[in-house]
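Here is a friendly briefing to read with the model open beside you. It starts with the chain as a whole and then moves through the helices, single residues and the backbone.

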Amino acid sequence: MRLVLLGAPGSGKGTQADFLKAELRVPHISTGDLLRAAVKAGTPLGLKAKTVMDAGQLVSDDIVLGMLEERLSQGDVRSGFILDGYPRNLAQCEALEKLLARIGQPIDIAIKLEVPSELIVERIAGRAAAQGRVDDTPETVRERLRVYAEQTEPVASHFARQGKLQVVDGVGELADVTGRILAALPPERASA
Ligand code: AMP
């Protein structure tokens, strides 16, 4: 199963991906996590990305695609993957489709987690307190939501045009949301 998780910052993509990876037995690939690891390790790429991330803007397509290509070349993605945080704009979407076409592994489905903005702001404030993410300040959150609406919403429309988008209500108990996502997946998921 090759699944893309879409949704605004704070919609619960990372949390849900953690549950889903156990259920579907495929790795969770988060470009945000890959970037945060590069920042933490102090690599040249990480240093370049940090300022952009701290401002709530998108790291350059080239940097993120390079990291993703490397991750997708690892053996554990043969069974599929859950992609969280990528693609963030239409250019990334096109790059992903090209890359996956080359290895004959197209995206099966995109799930968009829908959560009202008031709840998002509340959730991110909670996450800021718990995890201390530098990009979880109110101003940065506003910028990330703006970037999402402007650049990432069109990605959902793109998958919708291909008949691959399922919109899932992301409000409620974590397990209920996971259940809704699993119910929205194509029937072959059991053998993925
Ligand atoms: P996330 O954990 O997915 O919310 O990502 C945190 C931050 O990492 C984002 O606000 C961006 O600055 C950066 N980032 C993550 N994924 C991407 C991506 N696909 N393209 C560009 N920047 C990204």
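Among contacts in the protein chain between residues at least 6 apart in sequence, 75% join residues at least 24 apart; contact here means heavy atoms within 4.5 Å. This is a predicted model, in which local features need pLDDT of at least 70 and side-chain atom pairs count only at pLDDT 80 or more, while totals for chains, interfaces and linings use all residues. Residues are numbered from 1 along each chain as its sequence is written, and side-chain values use heavy atoms, with hydrogens and water left out.

**The chain as a whole**

- The protein chain has eight helices and five strands; helices (H or I, at least four residues) and strands (E, at least two) are DSSP runs, numbered from the N terminus.
- Reading from the N terminus, the order of elements is β-α-β-α-α-α-β-α-β-α-α-β-α.
- The radius of gyration is 16 Å, close to the 16 Å that the globule rule gives for 192 residues, so the chain is as compact as a globular protein of that length. That radius is taken over C-alpha atoms, and the rule is 2.2 Å times the number of residues to the power 0.38.
- Along the principal axes, the C-alpha atoms fill a box of roughly 40 × 35 × 30 Å.
- Of the 192 residues, 44% count as buried. Buried means under 20% relative accessible area, exposed over 50%, and partly exposed in between (1.4 Å probe, protein chains only).

- Gly46, Ala49 and Met53 are buried in helix α3 (residues 44-54). They cover an arc of only 70° around the axis, which puts them on the same side of α3; the arc is that of the directions from the helix axis to the C-beta atoms.
- The buried residues of α3 pack against α2 (31-41) and α7 (138-161).
- Turned away from that buried side is a face with the exposed residues Pro44, Leu47, Lys48 and Thr51.
- Gly56, which follows α3, has a positive phi near 80°.

- In α8 (residues 174-184), the buried residues are Val177, Thr178, Ile181, Leu182 and Ala184. Their arc around the axis is only 160°, which puts them on the same side of α8.
- These buried residues pack against α1 (13-24), β4 (109-114) and β5 (165-169).
- Ala175 and Ala183 are exposed on the other side of α8.
- Thr178 counts as buried at 9% relative accessibility. Leaving aside neighbours within four places in sequence, Thr178 touches Gln16, Phe19 and Leu20.
- Ala184 counts as buried at 18% relative accessibility. Beyond neighbours within four places in sequence, Ala184 is in contact with Ile109, Ile111, Gln166 and Val168.
- Ala184 and Gln166 are 18 residues apart along the chain, and their C-alpha atoms are separated by 6.6 Å.

**Where α5 meets α7**

- The axes of helix α5 (residues 90-102) and α7 come within 8 Å and cross at roughly 45°. Axes are lines fitted to C-alpha atoms, for helices over the stretch in contact, and angles run from 0 to 180 degrees between N-to-C directions.
- Leu90, Cys93 and Glu97 of α5 make the contact with Gln151, Pro154, Val155, His158 and Phe159 of α7.
- By type, the residues of this contact are five nonpolar, two polar and one charged. Ala, Val, Leu, Ile, Met, Phe, Trp, Tyr, Cys and Pro count as nonpolar, Asp, Glu, Lys and Arg as charged, and the others, Gly among them, as polar.

**Tyr148 in α7**

- Tyr148 is found in helix α7 and counts as buried at 9% relative accessibility.
- Leaving aside neighbours within four places in sequence, Tyr148 is in contact with Leu6, Gly7, Ala8, Pro9, Lys112 and Glu153.

**Backbone points to look at**

- Most residues other than glycine have a negative phi, and most peptide bonds are trans.
- Arg25, in the loop between α1 and β2 (28-30), has a positive phi near 55°. Arg25 is exposed, with a relative accessible area of 59%.
- The peptide bond from Tyr86 to Pro87 is cis, with omega near 0°. Pro87 lies in the loop between β3 (81-84) and α5.
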